[in-house]
Amino acid sequence: TTLLYTIKFEVHCYSTSSMASGYLLLLPVLLKLAVLAESVDDVPHYTTDCVQLNGTLSLNVSYINSENTTSSFIIEISEKAKATSTCSNTTSSITLTEKGRDLVIDFKVNVNKTDTKAAIKPQHWGVTKISYSYAVEQPDAQIKGARAAEVEGNYFVSPVNKSYSCSKEMVKLDKVYRMENGSQVLVANEAVFLNQTHMAIRIGEISPKTPYDYHYCAVDQKIKDIVPIAVGVALAALVVIVLVSYLIGRRRTVAAGGYERV
């Protein structure tokens, strides 16, 4: 009788722990999502007096080859790139220079609460122009030489006094020019794609003591909204499973004890 009681008790413990452990396996996945939703510090940092840009930057450059089709190559911007900037109350820019190539990002700030005709909406700042100067020297290029790509619009828009953050984003520089007979000529069917990973941009006076207050891009904001809900649901389910398992096990234990007394 004692052996029968012991076997029943051990089966109950195994059943409870296995069900609970199944839900516990979900927690590392959810916690990993939560970590991914936060900003990543292990990326290149480019800091000037008024602009700080953190993130991994690369450019996918397309060009027309000798067979009249499109080819491409990738240029990585390393952490050794030289960062310079210009600053004012309403405009700023940062230039990253490396190996004779310049990536220029222009910002505009609209502190006015009612000026809706400006390039950036009221009480916000953002990027209004991105330009990149480079050269196409690939052996199969139809036309080799220097290029200048650019795009204008509204990018990385954030409320004033907040830093912009996004885990992954791409901007297409759709206008590519080259010099021909002293004049700038638009190059058809070429473009540059600026890819940013774990990016954070901050403008204004840069001080290490000033805490970051992030404005997240739409994709990251959705993740940040989903993760707490998913974690909460998983924890609630885990509590319910453990409680139900405990009650079932306790009932079986009582039943087994009653049989033994008989």
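Helices are DSSP runs of H or I with at least four residues, numbered from the N terminus. The model examined here is predicted, so that local features need a pLDDT of at least 70 and side-chain atom pairs count only at pLDDT 80 or more, while totals for chains, interfaces and linings use all residues. Residues are numbered from 1 along each chain as its sequence is written, and side-chain values use heavy atoms, with hydrogens and water left out.

Val244 is found in helix 3, which spans residues 218-261, and with a relative accessibility of 41% Val244 counts as partly exposed (buried means under 20% relative accessible area, exposed over 50%, and partly exposed in between, with a 1.4 Å probe and protein chains only). Together with Val240 and Ile248, Val244 makes a nonpolar surface patch of about 230 Å².

Six aromatic pairs are held by the structure, where rings of Phe, Tyr and Trp (its six-membered ring) pair if their centres lie within 6.5 Å, and planes under 30 degrees apart count as stacked, over 60 as edge-to-face and the rest as tilted. One of these pairs is the tilted one formed by Tyr155 and Phe156, with 6.4 Å from centre to centre and 55° between the planes. Phe156 also forms a tilted pair with Tyr164, at 5.5 Å centre to centre and 40° between the planes. Ring pairs thus link Tyr155, Phe156 and Tyr164 into a cluster, in which Phe156 is buried at 3% relative accessibility and Tyr164 is buried at 5%, whereas Tyr155 is partly exposed, with a relative accessible area of 22%.

Conventions. Patch = residues over 30% accessible without salt bridge, like charges linked within 9 Å, V, L, I, M, F, W, Y side chains within 5 Å. Areas by Shrake-Rupley, 256 points an atom, 1.4 Å probe, with all protein chains shown as cover. Salt bridge = Lys/Arg side-chain N within 4 Å of Asp/Glu carboxyl O. Helix = DSSP H or I, 4+ residues; strand = E, 2+ residues; numbered from the N terminus.
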